[in-house]
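Please open the model in your viewer and keep the sequence panel beside it.

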Amino acid sequence: SNRETLQREHDVKLELTHKVALLERESSRLRDQLDTSTRDLTEEREASRQLVLASGGLERQTIALKSQLAEAVAALRKEKGEDSRTRFSSESGQQISVATWS
């Protein structure tokens, strides 16, 4: 009976050791998954930030090009003796007016 008790204790210890090893592997897998998800999220945030910066740059370029176009249209209208005022809106709704004077 003492031997049976020792054998049961040994069996329980083996079972618990096995369960602990399984839990440690699962914990490690979940930590790795969390690290990967965190890294992916950081990369996505950086990509989003870069897109915001790029879109701001494109908006400024668009405004500059529209302004140049308006100036060219105003100059052509002036050459023809027409009203040389030109107006347009940027993507953000900013009003831009161009006029040429003699």
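The tour goes from the whole chain to single side chains.

Before selecting anything, bear in mind that this is a predicted model. Of the 102 residues in the protein chain, 12% are buried. Among the contacts that join residues at least 6 apart in sequence, 35% are between residues at least 24 apart.

Next, select residues 2-80, which form helix H1. How far apart are the end C-alpha atoms of this helix? They lie 115 Å apart, which agrees with the 117 Å that 79 residues should span at 1.5 Å a residue.

Staying on H1, select Gly 57, Glu 59, Ile 63, Ser 67, Ala 70 and Ala 74, which are buried residues of this helix. Just after H1, move to Gly 81, where the backbone takes a positive phi of about 80°.

Now show the charged side chains, for which the count comes to 3 salt bridges.

Start with Lys 19 and Glu 15, whose side chains meet in a salt bridge at 3.3 Å, N to O. Both residues lie in helix H1, 4 residues apart, or about one turn of the helix. Lys 19 counts as partly exposed because its relative accessibility, 43%, falls between the 20% and 50% cut-offs, and Glu 15 is likewise partly exposed, with a relative accessible area of 45%.

Continue to Arg 29 and Glu 26, whose side chains meet in a salt bridge at 2.7 Å, N to O. Because these two are 3 residues apart in helix H1, about one helical turn separates them. Arg 29, at 44% relative accessibility, counts as partly exposed, as does Glu 26, with a relative accessible area of 33%.

Finish with Arg 49, which forms a salt bridge with Glu 46, their closest N and O atoms being 3.0 Å apart. Arg 49 and Glu 46 are 3 residues apart in helix H1, so they too are separated by about one helical turn. An α-helix has 3.6 residues a turn, so residues three or four places apart point the same way. Arg 49 is partly exposed, with a relative accessible area of 43%, and Glu 46 counts as partly exposed at 36% relative accessibility.

Note on methods:
Residues numbered from 1 in each chain as written. Predicted model: local features only at pLDDT ≥ 70, side-chain atom pairs only at ≥ 80, totals over all residues. Heavy atoms only, no water. Buried < 20%, exposed > 50% of the residue type's maximum accessible area, 1.4 Å probe, protein only. Contact = heavy atoms within 4.5 Å. Expected span 1.5 Å × (residues − 1). Salt bridge = Lys/Arg side-chain N within 4 Å of Asp/Glu carboxyl O.
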